[in-house]
Every structure is written in C-alpha cells, then in structure tokens.
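Student: I'd like to learn how to read a few features of a protein model. Could you walk me through some?
Tutor: Gladly; let's look at it together.

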Amino acid sequence: MENRSFRKLGRTVGVVGLGAWQLGADWGQVSEADAHATLQAAVDAGVTFIDTADVYGDGRSEQIIGSFLKDRPGLTVFTKMGRRLPQEPGNYHLDNFRAWTDRSRANLGVDTLDLVQLHCPPTAVYSSDEVFDALDTLVQEKRIAAYGVSVERVEEALTAIARPGVASVQIILNAFRLKPLERVLPAAAEAGVGIIARVPLASGLLSGRYDENTTFSADDHRNYNRHGEAFDVGETFSGVDFRTGLEAVGRLRPLVPAGVTMAQFALRWIIDQPAVTVVIPGARNPEQARANAAAADVPALSPETREMITAVYDELIRPQVHDKW
C-alpha cells in the first residue's frame, strides 16, 4: 500500500486506514471477536493507521484496539477526546485533558498516545490560547506525542491549521463533501499538517448498497440522527438528504470502472487528492476491511471522471451542504 507522511510526527502510514467507530457503538452490534477479526483483516491488507475516540462505545473501541495492539507493535493509533462532557468551551482545560488522556492511555495500554485530537469541540475552542497551551503541556508531560483536531467546518480547520503545534486535521471529505478542497487541503499542505479524511463513504451511501427500502437498526445513527437529533447532522450521510444521496449515487454508478466496487471508487477519489494523508473508512467485518484497503490498488481516476463527479456534486449536493460546513 502507498504510504504518506504525517510530516509533523515524522512517521508514515498507509494511505487507507481504519476508522474504528463501528467497533465501539452507533452502527449496530459488533462482537469483540468480529472486531478483532476486522482489525486483523485490515492489518493483513496493509492498514497501519487506526482512528478511534474515547466515546466510541464509552471506551469499548479503544479497549478492543488496545487488546489487539498487545501482540502487534508498529501500528499508529490516533484517538479523540472532548465529548465526555457537555459541549461547553469551559470544559476544555488541562485538568480534564489529563483525565481524558489518562483514561485513553489505560484503554489502549500505552504510556504515550501517538496523537490525540480534539473531538469536534465548540467553535470557540479553536481560538483559545489556553486550550492549545494545555495540549502543549500534555506533550511535555509525555502523555501524548502530538495533537490535532477533528472538525465539522472549514473555518474551524483553517483556524486550527494556523496553530503551529497542530499536527493533523480530521475533516469530512468525500464525493458529497467537496468544500475542503478549496482552502483546507491547500492550507494544510503548506503548513505541513496531515489531513485525515473521515466519513469517506457518507455513512455508507457511497457504498452503493442502499436503496429507498433500506432500513437501519434503532441503535444505528443512520436511523436516529438523520436530522441531527443526537449530534451534528453532517456526521450522518454527510448531511445529505437520504433520497438525494441515492439519486447522486445513481448518477455516479456508471462512472465506476469494471472490477471496482462503488465504495472503492469513492475511496479512490479521496486518495487521488495529494494533500490527503490517510482516509479512514469504517468496517464492521473482515470483508469490508479488505475491500476498503484494496481501494489503494485501484488506478487513479481520470480527469474526465473527476470532472463528472464534481458536476454531480454541483447539481445535487452543493445546494444542500456547501454553505453549511
């Protein structure tokens, strides 16, 4: 698998990683045995980067990854913090950061976290000198090796990139969310900040496996958060109305090369963005993990295909999401 660099960390990772939200909660039940099998399949397929968070299953995702890591050194694991308390800027301070990172260190079974990200905090947090001074303190104390941010909005990403200590920005980027291409990716490349592309399949819409009759279980956010009832609606189907997303997928499907799945096609589009460091599709089983990793072997999409993807976005998706995030 192609490797790309987190320049401020001095390490490289495979361009396709694994998002581990599914292994914790909110996507239906995944047993611990299935989670371990999924992690093993991903690593066997060349994945070297895993993204998780302290709230995925209230630490379950971290704990599963931690047990997996015991016999498998050399993997890079980023986690996230900040969603364990009400989303008020005043909760983002050093004492809480120490408590949260200590919990994640215990869950993952490591002395020093590879990198911790602020987990889509209130917008005001990105402009707080106190917050970033506290993150610098965590590095000095060797609780974490580095820090980054996970964001909802382009302006939040740009504010974070301007901070010299920020090593990575995690942002929603997919064929239904093109806005980061305009300013975020160029700014990150210039600053040497890694880009983690999250929600790459628009919560599965871009896998092409759903239709108007698809239903989701009660504990799946694609059921209970379609209108932002639990958290930012942009996290579910990238904020795109389900039926509009299905129509867009129908327009994109004829562009998919023979022998390539719709999901691999969508992931390849992200990989083709040179400023992206790693894309983190989730997987609930080994077959999905292997198929996602194989997207790295798909040939680059042609300029004509990329133009057609943009045209579908401009016609169907842009009116819904472009000005929101």
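Tutor: Let's begin with accessibility: a residue counts as buried under 20% relative accessible area, as exposed over 50%, and as partly exposed in between. Keep in mind that this is a predicted model.

Student: Where does Asp 58 fall, buried, partly exposed or exposed?
Tutor: Asp 58 has 47% relative accessibility, so it counts as partly exposed. Its place is the loop between strand S4 (49–51) and H2. Look at its backbone too: Asp 58 has a positive phi of about 55°, although it is not a glycine.

Student: Which loop holds Phe 237, and is Phe 237 buried or exposed?
Tutor: Phe 237 sits in the loop between helix H7 (221–224) and helix H8 (242–252). With 1% relative accessibility, Phe 237 is buried. Phe 237 is also a residue other than glycine with a positive phi, near 55°.

Student: What about a residue in a strand, such as His 119 in S6?
Tutor: His 119 belongs to strand S6 (residues 115–119). Its relative accessible area is 10%, so His 119 is buried. Leaving aside neighbours within four places in sequence, the contacts of His 119 include Val 55, Tyr 56, Lys 80, Arg 83 and Ser 150.

Student: How should I read burial along a helix?
Tutor: Start from the general idea: an α-helix has 3.6 residues a turn, so residues three or four places apart point the same way. Now take helix H10 (residues 286–293), where the buried residues are Pro 286, Ala 289, Asn 292 and Ala 293. These residues lie on the same side of H10, because they cover an arc of only 130° around the axis.

Student: What covers the buried residues of H10?
Tutor: The cover includes helix H1 (32–44) and helix H9 (262–271). While you are there, check the start of H10, where a side-chain oxygen of Asn 285 comes within 3.2 Å of the backbone nitrogen of Glu 287.

Student: At what angle do H1 and H2 pack?
Tutor: H1 and helix H2 (residues 60–69) pack at about 60°, and their axes are 10 Å apart. The two helices are therefore oblique to each other. Their crossing is right-handed. On the H1 side, the contact is made by Glu 32, Ala 35, His 36, Leu 39, Gln 40 and Val 43. H2 contributes Arg 60, Ile 64, Ile 65, Ser 67 and Phe 68.

How values were computed. Residues are numbered from 1 along each chain as its sequence is written. This is a predicted model: local features need pLDDT of at least 70, side-chain atom pairs count only at pLDDT 80 or more; totals for chains, interfaces and linings use all residues. Side-chain values use heavy atoms; hydrogens and water are left out. Buried means under 20% relative accessible area, exposed over 50%, partly exposed in between (1.4 Å probe, protein chains only). Helices (H or I, at least four residues) and strands (E, at least two) are DSSP runs, numbered from the N terminus. The arc is that of the directions from the helix axis to the C-beta atoms. Contact means heavy atoms within 4.5 Å. A polar contact is a pair of N or O atoms within 3.5 Å; within protein, one must be able to donate a hydrogen and the other to accept it, and residues adjacent in sequence count only if both atoms are side-chain atoms. Axes are lines fitted to C-alpha atoms, for helices over the stretch in contact, and angles run from 0 to 180 degrees between N-to-C directions. Angles under 35 degrees count as roughly parallel, over 145 as roughly antiparallel, 65 to 115 as roughly perpendicular and the rest as oblique. A crossing is left-handed if the near helix is turned anticlockwise from the far one by less than a right angle, and right-handed if clockwise.
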